[in-house]
Amino acid sequence: MNIQTSLTNQFRASLAMLRQCVERCPEDIWTSGVRPRYFWQIADHAIFFTHLYLMQNEEAFAPKEGHRNRCSIADDDPAIDDPYTIQQTLDYIDYVDARVSEFVDALDLDADDTGFSWYKKMPKMDHVLLNLRHLHGHIGQMSEILMSNGIDTDWVSRPTVD
């Protein structure tokens, strides 16, 4: 097994965990939270940046059709009145999941930089691992919210075979 296969497997397992958080989220929790960290916005932020950072650089990124470019969860972001639906978010997760192997295989993991202006002095391989950690940080947030509401999530160690 090579590193690209391992990375693909771990991204797919992680996306399955993200999908599970979104699927198991009731509508009332989906739009709950304290601005700007509504549950739906955390999910959108997680999948958007996973997708973005699976590219070699900023120029290689093409957002998914219908993306509204508002996935940040910074405190000074404007309020959003029309959240993505659970189904829209599941569709985005599926979109990225179906292409993970293609995205990972296209990466130059030996590159000396991330390809993203806001991450300086970091090799691409480090950035790919940072991407996985970022995704799991947000999966952890969402899992904790769900668990505090009596909804369990499962650990996924390997992606399911299609």
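**Salt bridges, core and loop**

R19 has a relative accessibility of 21%, so it counts as partly exposed; that class lies between buried, under 20% relative accessible area, and exposed, over 50%, with a 1.4 Å probe and protein chains only. Its salt-bridge partner is D94, with the closest N and O atoms 2.7 Å apart. By salt bridge I mean a side-chain nitrogen of Lys or Arg within 4 Å of a carboxyl oxygen of Asp or Glu. This pair links distant parts of the chain, since D94 is in helix 4 and R19 in helix 1, 75 residues apart. D94 is partly exposed too, at 31% relative accessibility. R19, E23 and D94 are linked in a network of salt bridges.

Before going on, the ground rules. This is a predicted model, in which local features need pLDDT of at least 70 and side-chain atom pairs count only at pLDDT 80 or more, while totals for chains, interfaces and linings use all residues. Residues are numbered from 1 along each chain as its sequence is written, and side-chain values use heavy atoms, with hydrogens and water left out.

The pLDDT, the predictor's confidence in each residue from 0 to 100, has a mean of 90 for the protein, and 88% of the residues reach 70 or more. Confidence is highest in helix 1 (residues 3–23), at a mean of 97, and lowest in strand 1 (residues 33–34), at 78.

The protein has five helices and two strands, arranged along the sequence as α-α-β-β-α-α-α. These are DSSP runs numbered from the N terminus: helices are H or I with at least four residues, strands E with at least two. Of the 162 residues, 47% are buried.

Back to the salt bridges, of which the structure holds four. D97 pairs with R12, the closest N and O atoms being 3.0 Å apart. Here too helix 4 is joined to helix 1, through residues 85 apart. Are these two partners buried or exposed? D97 is buried at 19% relative accessible area, and R12 is buried at 17%.

R24 bridges to D154, again with a closest N to O distance of 3.0 Å. R24 lies in the loop between helix 1 and helix 2 and D154 in the segment after helix 5, so the pair ties together parts 130 residues apart in sequence.

The largest nonpolar core has 45 residues, and L15, L18, W30 and L54 have the most contacts inside it. Such a core is a set of buried Ala, Val, Leu, Ile, Met, Phe, Trp, Tyr and Cys residues joined through side-chain atoms within 4.5 Å. Helix 3 gives the most to this core, with 10 residues.

Last, the loop between helix 4 (86–106) and helix 5 (124–148), where A111 is found. A111 counts as buried, at 15% relative accessibility, and touches Q56, P123 and K124 beyond its neighbours up to four places away.

Technical notes: Contact means heavy atoms within 4.5 Å.
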